[in-house]
Amino acid sequence: MKSYETKDIRNVVLLAHAGSGKTSLTEAMLYRAGAINRQGKVEEGNTASDFDPDEIKRHISINTAVLPLEWKDTKVNLIDTPGYQDFVGDTLCGIASADAAIIVVDASSGVQVGTEQVWSYCEDARLPRVVFVSRMDRENANYAEVIAQLEKAFGKKCAPLQMPIGSAHNFSGVVDILHGKAFMGDSADDAPVPPEMAAEIEGFRDQLLGAIAETDDALTEKYLEGEDLTDDELRIGLSSGVLSGALVPVLVGSASSGVGVRCLLDFIVEELPTPETHPVSVEDPKNGAAPTIAEARSDGPLVAQIFKTTADPYVGKLTYFRVYSGTFRSNSEVWNASRNQAERIGQVYLMRGKNQEPVEKVVAGDIGAVAKLAHALTSDTLTTKDRPLVVSPINFPKAIYSVAILPKSKADVDKLSNAMARMSEEDPTLDVHRDESTGDTIIGGIGDSHIDVTVERMKRKFGVEVSLATPHVPYRETVSKAVKSVEYTHKKQTGGHGQYAKVVIDLSPLPGEGFKFENKTFGGSVPRNFVPAVEKGVNEALHEGVIARYPMVDLKVDLVDGKEHPVDSSEMAFKLAGSQAFKQAAALAQPVLLEPIMNLQVRVPEAYVGDIISDLNTKRARVLGTNPEGNSTVIDAQAPLAEILRYSTDLRSITQGRASYTMEFDHYAQVPDHVAKKVVEGSKQEAAAKT
């Protein structure tokens, strides 16, 4: 591929609801542009973008793939992203690297949940977009209905730029509404507009002209006065409307037949913004200056952001980056401003799916990759040490679906930590940690499919096999009343020096304040040098409560009295005495079970609010309030973790995937008696199974 200047580059991300034909459209554009010599099919597992074994197996996109093509002396970087919500991390990576988006909508299915979600991502990123209504050659394809759905969901700024000629098996071409031209077949041959479509096209053209006119006050005035807009005014108005987001043109076609694909490529080159129109805001932490703009100039200061990382046991780490300013060169050194580390750059590549093309440099506005960086992770900014400019990191969602992972063999145990570290580098939406209170190794993600794919990748890439289980809830225990003067005497005679220590303690609740230990002895009843041993014994006893062996919290222990033996007393004796005295006191202080209570914030379409609140009530949740935000309602609630371990699955089922939520720990609260009995019984059964 020849070298291109910044002005001749387009970075376009393809977004869609899962199964809407986005990858097939990518394949069709690559084929028509001559970037590939055979158009693959998702069902056959031979497309350029879905090359990962998991994608081939499941017939869905899981990873973001960069696929450059050349069209009319312009380089177009197509960025194919997953449509399935579980892999939203890669979708956001693709959006972060793009200057514009093509939202693909199935002509028979219309606007779906995923369409609404990717639209909101584009809104958040202020990304110019165009809608492509695909699969017009399918049965039940209905362009007019799709347009109506788009306008209802996203407003009148969704304006048809093209009309299909026919539908289903009669779909044969597209009409350019603005210029009154028809383009027939795969080759987009010029043809007259079918007379029977004239009235409908005229109606759509009036709507389109009005939408273009609204992008500029002068054009609006001219349009309202009944004057004709010139071709230049229409072209400039269309481009500025797309760039500002005030106008979202709707195009139409079919990936399988190729009808409309060449017109889409023409539109990308002629109307979608260049990197020069998409400068990025950067900060200079070294000088503490206010954020500035890094313009897309190849002779500017180097600013490149990593938007994707892949881990491979043989090749190593492969880092994808977008250059916002300056020129990124092979065999050089850059500064990782996000981590204050130097990075040695080897060979730089341009990517086309899984294929790598070595190049000397990557200019501003383009996308490249480099292998084996030592410190860099996704979202990091690569720049120069003398001017370490930083791009805002990509905002990834937090993991909301967690499982416990259990290595299947000793060999798997040894390899697990390295495999999990590498997988976390590759996928920022994964959360891997060990819960010290339950002993579980936890892996969190966006959904069950996300976790399943991660487990399969660990086996394929790193040879680690694990089984999955529901995580243990990190219950706690505490006491509900104070007890006084609980004593324990540790005495043991073994022939030589024996063991002796007497400890007397008071135990009281300390809600929300953890654990406190205080020495209230006087007169040297417990020598000062043995007091730390008593505290250590109590601390060790805290780890295993008296109800169900969960750690104990929120209590205070006062050491009030004791007794030593001049020969047989020792630190060990007082430690054991402190431990046993605490256990006795805890059993007398009406111990209770505590459970973690989580803050939930559920964002849901208005139509589902009642269903969500009803479901939360079955989960022992407490709804704190509801607040309307745009077309959605935000429900604030608190619920026990034990009831919402699988809430992502339940929420997706109730709302057909239209809702989202965040969850974070808030506090511990007492478990109701009927629930506590089940927890205690389960703990006893688990302990018995281990013996």
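**Close-up 1. Thr319, a buried residue in strand β15.** Thr319 has a relative accessible area of 1%, so here it counts as buried (under 20%, with exposed meaning over 50% and partly exposed in between; 1.4 Å probe, protein chains only). Its strand, β15, covers residues 316–325; strands (E, at least two residues) and helices (H or I, at least four) are DSSP runs numbered from the N terminus. Skip the neighbours within four places in sequence, and Thr319 is in contact with Ile306, Lys308, Gly368, Ala369, Val370 and Leu373, where contact means heavy atoms within 4.5 Å.

This is a predicted model, so local features need pLDDT of at least 70 and side-chain atom pairs count only at pLDDT 80 or more, while totals for chains, interfaces and linings use all residues. Residues are numbered from 1 along each chain as its sequence is written, and side-chain values use heavy atoms, leaving out hydrogens and water.

**Close-up 2. Tyr143 in helix α5.** The helix takes in residues 143–154. Tyr143 counts as buried because its relative accessibility is 5%. Neighbours within four places aside, its contacts include Val133, Met136, Pro160 and Val252. As for Asp232, it sits 89 residues from Tyr143 in sequence and 29 Å away in space, C-alpha to C-alpha.

**Close-up 3. Asp216, in a loop between two helices.** You'll find Asp216 between α6 (198–213) and α7 (217–224). Asp216 counts as partly exposed because its relative accessibility is 34%.
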